Each structure stands twice: as C-alpha cells, then as structure tokens.
Amino acid sequence: MLPEKTLAWGQSRSCIRELAEYGAKRKAEIGADKVYDFSLGNPSVPAPECVNRAVIDIVSDKTIPAHAYTTAAGLISLRQKLAENLNARYALKLSPELLYVTCGAAASLTISLRAVLLPGDEVVVIAPFFPEYRVFVEGAGGKLVVVPAAADFTVDIEAFDKAISSKTKAVIINSPNNPSGAVLSEKNIKDIAAVLKRHENANKSPIYLISDEPYREIVYDGADVPCTLQYYDDSIMCYSFSKSLSLPGERIGYIAVNDKMQDAALVYASVMGAGRAQGYVNPPSLFQRVIERCVGETSDISEYALNRKLLLDGLSSIGYEYAEPKGAFYLFMKALEPDAKAFSERAKKHELLLVPSDDFGCEGYVRISYCVSRSVIENSIPAFKALYEEYKTK
Ligand code: PLP
C-alpha cells in the first residue's frame, strides 16, 4: 500500500502545467508565433551578466571546489554576504547563523513549515495563493485555512482576524503576489502583525508569519515592499533567486529566521533538522558561489515593466477589468463569465493560454503571466479583442 496523499499529489495534474503542455503541443502544430502562451511564470529575461561571469570565473579557477559538498546550511561566506545585504537594506541585525541556504522558495517553504508545524496545526493563507501551498502545508502535516483577500487583493484584516484560532501555528503571506501582482503596504503588514500579536498573547504560543518573497525585487512605479521581519518578531523570510536573477532551474534561495524571535536559535535548529529530514542539505554548490558574487544584483526588471504597460494598455482599451498589478509578472484579470475554466477554454480557441483562477483558491479570474517576449503581447491583443467581442455580442 502506498501513502494516499503523496499518491494523490503525484497523480493530480496542475492546471498550469496542463495548459503549458497543451501550449507546447499547439505550438508544434501551428507554429510558436501563433500561440499566445501566458501559462508559466518562467522568467523571460536572461540572468544578468554577473551570473555568467561568475560561473566562468569559478569553474576556471582550479583552486575553488566548485562542485564539492558545502556545509548543510550553505557556505558561511555566502550567508555572511546575504546577512550584510539584508541588514543594510532593512536595518536588521541578522547573523549568518540565522540564514539557511535552500533549493529555492519551494524548499524554503517546505522546510519552514516542517520546522514549526505539529500534526493538525492550522496554516492560514490568503486567496488567491500559489497552488503549491496546499501541498506544502499538508505535506508538513498541517491543515490549510483559506481567507479570501480584500477587493484589491491585499489582506482583509477583519476576515484574517476571524480565521486565526488557537490551532493556528503559521500564516503564509506572499508579496508581491502570484497570481494577483498585489504588494502589501506597510500599514497592511502592521495590521497583520497586530492581529497575530494579539492572538499570540491570548493563546500564549507563537504564530509564525512565513513571508514568501521570490518576487521581492520585481516591482513597478517605485512600489515599496516592506520587510516583514521589521514588523513582526515571529517571522521567517522565504526567498529565492529564481525570479530576481532568472535562475529558476538552478534551485537556489534561502530562509532568514528573525533575530528578534524569542526562540530564534531553536527555530533555526528545527529549520536545519527539517532540511535534513527532507534531504535538502547543501543546495547546489556552484550556484551558492555564483550568488555570493552577485548579491544585490537583479535581471533587467525594466523588460517586465514594458510588458506590463503594453498588456495593461491593450486590455483596458478593449474593456477588460483587473486590479492593476504593482509587482511580480502576473496580471489577474476578471473572466468574462463566472466559470473561469470555461472562459479559459474559450480563450484557447483564440490561441490564448490563460490560467483559470480556481487552483489559486478563488473563482472568476484568469492569470496572465507576462514574462514572455514582447511580440507575444503585441500579437495577442487582437485575439483578446476577438474573445471580448465574442462575449459582448452574445
Ligand atoms: N512561491 C511563489 C509565490 C511562486 O510563484 C513560486 C514559483 O513560481 C515559488 C514559491 C517557488 O519558487 P522556486 O522556483 O524558487 O522554488
């Protein structure tokens, strides 16, 4: 007999992957330029030159053990650099002993959850949310509690407050958000912190705020992404270089445990144990060394800003509705009928691949990943127009 849950996760198809696979097939049939594939969040901008230079320098230097095991938590020299960078940007006092280098945000999240959850503990997430949260939480023995976001996709503080119970052990927030592009304001984060602090005091046990931040640097119009660690002591930052440095396949990120947390050293020890239990020790050593040389750098985010503008201008002039994204590279657009899956199916007839919102925990929207080449956006606008007219002339 096999474990029911792992079997079910392995057998169920992610609708994002399914759509991407359909897209690959369709491109082979009619030509890649005829399909407007907005399904995946794969960065379309190349990694910056510093990454290429670092790879070449490291592998060319025979004195560097580029492919050797490193310490389980990641190279101390890298953790030192990361701590210095975070401390300078956000006036924190993190030490490298509170940083744990991971195989990307997915590993940061699964390790953090496994480090703090006891069987049956509840984890609150805000919908719409990254669909893998369900698997990550349940895989760590927790129970997912979903709270719908406010109309602008920030956290609805009243609904959030009501969802917290004596069983709540952790909350996951994600800003800039996948799929809505929303960025939580300082006030919103302060309000979240105040609610959690009140419940912590009432229950006399910690509630961990896990901040999933792979899109931290991808923001527009000067939007500010407040650092959760400044506002709430029991917070854990989960970061990844997948998006900011366009390195999703290299699997590299980190966890930062807040130094202000009362049990920071114990939680960090549990993070180490959780990484060990999942076999996630020692993330790719070549890329640990690459990141050490590229801390503070990003890919050319201005490419996404241009895509965003083109898409927003095109869709708003047709008449589509959406909440303007302030960060990440996703647009969450209202479907033209209540059933987002049916809308996505009709969009396919116009060769538009839009991810229905149901898997993100909310209905009636589609996610458009605009991390694509400029021509895909430009050429897709007439298809969006035809789709719109099809509904409006019904
Ligand atoms: N969290 C969010 C919100 C994401 O969008 C993603 C990837 O798309 C991840 C986590 C996983 O990121 P990584 O590729 O670094 O594991």
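Predicted model: local features only at pLDDT ≥ 70, side-chain atom pairs only at ≥ 80, totals over all residues.

Among contacts in the protein chain between residues at least 6 apart in sequence, what percentage join residues at least 24 apart?

Mentor: Residues are numbered from 1 along each chain as its sequence is written, and side-chain values use heavy atoms, with hydrogens and water left out.

To take the contacts (heavy atoms within 4.5 Å), 74% of those between residues at least 6 apart in sequence join residues at least 24 apart. The protein chain holds 13 helices and twelve strands, defined as DSSP runs (H or I, at least four residues, for helices; E, at least two, for strands) numbered from the N terminus. Helix α5 covers residues 104-116 and reaches 19 Å from its first C-alpha to its last, close to the 18 Å expected at 1.5 Å a residue, where the expected span is 1.5 Å times one less than the number of residues.

Eleven of the 13 residues of α5 are buried (under 20% relative accessible area, with a 1.4 Å probe and protein chains only), so this helix is largely enclosed by the rest of the structure. Across the protein chain, buried residues make up 54% of the 394 residues, and the C-alpha trace spans about 60 × 55 × 50 Å along its principal axes.

Notes. Buried < 20%, exposed > 50% of the residue type's maximum accessible area, 1.4 Å probe, protein only.
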